[in-house]
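I opened a new structure today and kept notes as I looked things up. Here is what I wrote down, roughly in the order I checked it.

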Amino acid sequence: MEYKLGYSYNHCSITLFLESKKGRIPIRTTFHHLNWDDNTIKNIDNFITNEIYELISHAKLSDHLFKIDYDRLGKEKNKICKNFSSYLQAKNKLLNVSIKEWYMENYPNDDLGKEVLNFSFKDLNNLLTYGEGDVYSLIGCADSVIRERCFENLAKITELPYKSIYDKWLDLKEPEEVEEIEQER
């Protein structure tokens, strides 16, 4: 039975699989890419090549009988690398946008926007992901409307639901603070 290399990707991962007319041989392959820089993206071919070899090994060890056309596999791998690399570069470009510039461009009539500090959405994402720091200190003002707008744009960039971004923020808070925030809503 002949298999074709397939893939899918979303906000933080790429999944590779071998696919035939009878179905897929799945393998969990996750690259968390929201913190990838341009140098890492340049090496995506190495990451994906290693994962493909692991996928093939997994398939050979499974009960599936298959044959692999390595020329076709190489072409499919190159296509995956090109598409995923482009996707990551576009995401990084959006994550590296200055929050201040984005805010002033999108909300020019909000005078509080002048107080927003010049940090990127990547900085905001890292703060929420790794829990080091305070969102309001990063943004530069303690205005919940500005925070919510920044969270909405971060959710759009990362393709995560707003609630996921909001919950990450709540996870950084002490239980008493969470109760107080929830009561204000």
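Predicted model: local features only at pLDDT ≥ 70, side-chain atom pairs only at ≥ 80, totals over all residues.

**Overall look**

I started with the surface: the protein chain has an accessible surface of about 11,100 Å², and 48% of that belongs to carbon and sulfur atoms. Accessible areas here come from the Shrake-Rupley method with a 1.4 Å probe, and for residues only the protein chains shown count as cover.

Residues are numbered from 1 along each chain as its sequence is written, and side-chain values use heavy atoms, with hydrogens and water left out.

I looked up the fold next and found nine helices and three strands in the protein chain. Helices (H or I, at least four residues) and strands (E, at least two) are DSSP runs, numbered from the N terminus. Along the sequence the pattern reads β-β-β-α-α-α-α-α-α-α-α-α.

Of the 185 residues in the protein chain, 42% are buried. Buried means under 20% relative accessible area, exposed means over 50%, and partly exposed is in between (1.4 Å probe, protein chains only).

I also checked contacts, meaning heavy atoms within 4.5 Å. Among contacts between residues at least 6 apart in sequence, 52% join residues at least 24 apart.

**S120 and helix 5**

I found S120 in the loop between helix 4 (99–106) and helix 5 (121–130). Is S120 buried or exposed? S120 counts as buried, because its relative accessibility is 11%.

S120 caps the N-terminal end of helix 5, with a side-chain oxygen 3.3 Å from the backbone nitrogen of K122. Not counting residues up to four places away in sequence, S120 touches L95, N96, V97, S98 and I99.

In helix 5 itself I noted F121, K122, L124, N125, L127 and L128 as buried. Just after helix 5, G131 takes a positive phi of about 70°.

**The cores**

Which residues have the most contacts inside the largest nonpolar core? They are F121, L124, L128, V135, C150 and W169, in a core of 25 residues. Helix 4, helix 5, helix 6 (135–139), helix 7 (144–158) and helix 8 (162–171) each give two or more residues to this core. Helix 7 gives the most, with six residues.

A nonpolar core is a set of buried Ala, Val, Leu, Ile, Met, Phe, Trp, Tyr and Cys residues joined through side-chain atoms within 4.5 Å. My background reminder: in soluble globular proteins, nonpolar side chains tend to be buried together.

I picked L128 to look at its surroundings. Leaving aside neighbours within four places in sequence, L128 is in contact with V135, F151, L154, I165, K168, W169 and L172. There is also a second, separate core of 15 residues, which includes I14, I48, L55 and C81.

**Rings**

How many aromatic pairs does the structure hold? I got nine. Rings of Phe, Tyr and Trp (its six-membered ring) pair if their centres lie within 6.5 Å; planes under 30 degrees apart count as stacked, over 60 as edge-to-face and the rest as tilted.

The rings of Y162 and Y166 are stacked, because their centres are 6.1 Å apart and their planes are at 20°. Both residues lie in helix 8, four residues apart, about one turn of the helix. Y162 is partly exposed at 23% relative accessible area, whereas Y166 counts as buried at 5%.

Y166 also pairs with W169, and this pair is tilted: 5.6 Å centre to centre, with 55° between the planes. Ring pairs link Y136, F151, Y162, Y166 and W169 into a cluster.

I then looked for charges over rings (NZ of Lys or CZ of Arg within 6 Å of the ring centre and within 35 degrees of the ring normal). R147 lies over the face of W169, 4.0 Å from the ring centre. R149 lies over the face of Y107, at 3.9 Å.

**Last check**

E159 is in the loop between helix 7 and helix 8. I marked E159 for its positive phi of about 65°, although it is not a glycine. E159 is partly exposed, with a relative accessible area of 39%.

Definitions and conventions. Polar contact = N/O pair within 3.5 Å; in protein donor to acceptor, adjacent residues only side chain to side chain.
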